[in-house]
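Please read each numbered point with the model in view.

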Amino acid sequence: MEIEIILHQMLQFFIVMFLGYLLFKVKLLDHDFIKKLTKFLLNVTLPATIFSSVLEAGSERDTGAVAEVFLIGLAVYIVLPVLSLAVVKLMRLPRQDRGLYAFMMTYSNIGFMGFPLMEALFGHTAVFYAAIVNVLFNISVFTCGVVMMNAGKGGGSGAGLKWKNLLSPGISMSVLAIVVYFLNLDFPQDIRSVVSSVGAITTPLAMILIGANLAAMNLKSIFNDWHVYVYSVVKQAVLPLLLWPVLKLCVPDEFILNIIYILILMPVANTSVLFATEFGGNEHLAAKTVFITTVMSIVTVPLLLMVSV
């Protein structure tokens, strides 16, 4: 893997994120518009990116690789929740927030940063493989994730998070993409072009939204908790370094290995803020950690890929 490509890509991400930050500060973006753009990304452009990945996959279908990605993704989301709970306990983080810390260590930002990075580095096939992992991510986040968020709270409410959330446009399109892939269905060029064009909006839009969300946070409150700094270093650097030799031993295909590893390297998912709010968790802690790990990833992603890959 060309580290120079990674560095340039992360630099471009940072520049576009900074554009989103500035747009919010000069009030060209506001909270309501951010919410609408987020829905547009999650419900329209990101599903288009996922579907485009299979439309552009070509005539050859590597079913063995797809099965391998599925099994590896399944293993990741079985092992990571258990490992995360053990790590946060060993770190002696505040007991009332351990479930949230474990949640944030398990679920990285596949949608907003993972998919765009896969597209930029490896092309459509990598996005399709990431979409398979995304299916397992969503199943895990609405099962194991709910358990972690409710840890120590006697069950929590959870009223707004039901199984129907597994039928979101992103997860539905991921499943549809897998079906189209295995059935080897062909679509007219006009359809492929339209889907590809809409999906191409995802990367810059996602980075602008991340920057705008960071700008909306209270900076003073972000830098007053040393636990978050220590945790972020463990999440973004120490844990990936420990997982790398295990992944390398268990995943013989270098292409799939790189995809899985990069997805693990992504910062904390924005989902953690939504779940913390829904289940009565510390949403301010979640927002701070999203901010710090996102900024940190600009350095840690290329650095760890340079050291590991």
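1. Angles under 35 degrees count as roughly parallel, over 145 as roughly antiparallel, 65 to 115 as roughly perpendicular and the rest as oblique. Helices (H or I, at least four residues) are DSSP runs numbered from the N terminus. Axes are lines fitted to C-alpha atoms, for helices over the stretch in contact, and angles run from 0 to 180 degrees between N-to-C directions.

2. The model is a predicted one, in which local features need pLDDT of at least 70 and side-chain atom pairs count only at pLDDT 80 or more, while totals for chains, interfaces and linings use all residues. Residues are numbered from 1 along each chain as its sequence is written, and side-chain values use heavy atoms, with hydrogens and water left out.

3. Helix H4 (residues 98-106) packs against helix H12 (residues 226-250) at an angle of about 30°, and their axes are 11 Å apart. H4 and H12 are therefore roughly parallel to each other. H4 passes H12 in a right-handed crossing (the near helix is turned clockwise from the far one by less than a right angle). On the H4 side, the contact (heavy atoms within 4.5 Å) is made by Tyr101, Met104 and Met105; H12 contributes His227, Val228, Tyr231, Val234, Lys235 and Leu239. By class, this contact of H4 with H12 has seven nonpolar, one polar and one charged residues. Here Ala, Val, Leu, Ile, Met, Phe, Trp, Tyr, Cys and Pro count as nonpolar, Asp, Glu, Lys and Arg as charged, and the others, Gly among them, as polar.

4. How do H12 and H13 lie relative to each other, roughly parallel or roughly antiparallel? Their axes come within 10 Å and cross at roughly 160°, and H12 and H13 are therefore roughly antiparallel. The crossing of H12 and H13 is right-handed. Among the residues in contact are Leu243, Trp244 and Leu247 of H12 and Ile260, Tyr261 and Ile264 of H13. The contact of H12 with H13 divides into ten nonpolar, two polar and two charged residues.

5. Lining residues have an atom within 4 Å of a point. Grid points are joined across faces, edges and corners, and a volume is the space filled by probe spheres set on the points.

6. The search of the whole structure finds one cavity of 30 Å³ or more. The largest cavity has a volume of about 120 Å³. Of its 13 lining residues, Val76, Tyr77, Leu80, Leu263 and Ile264 are closest to the centre. Helix H3 (63-90), H4, H12 and helix H13 (254-265) each give two or more residues to this lining, which comprises ten nonpolar, two polar and one charged.

7. The largest pocket holds about 1600 Å³ of space. Thr38, Leu42, Asn270, Thr271 and Leu274 lie nearest its centre, out of 48 lining residues. H2 gives the most to this lining, with eight residues. By class, the lining of the largest pocket has 23 nonpolar, 20 polar and five charged residues.

8. About 260 Å³ of space lies in the second largest pocket. H3 gives the most to its lining, with six residues. The lining of the second largest pocket has twelve nonpolar residues, no polar and no charged; Ile72, Val76 and Ile264 are among them.

Technical notes: 1 Å grid on protein atoms, 1.4 Å probe; cavity = no way out; pocket = protein on both sides within 12 Å on 5 of 7 lines; lining within 4 Å.
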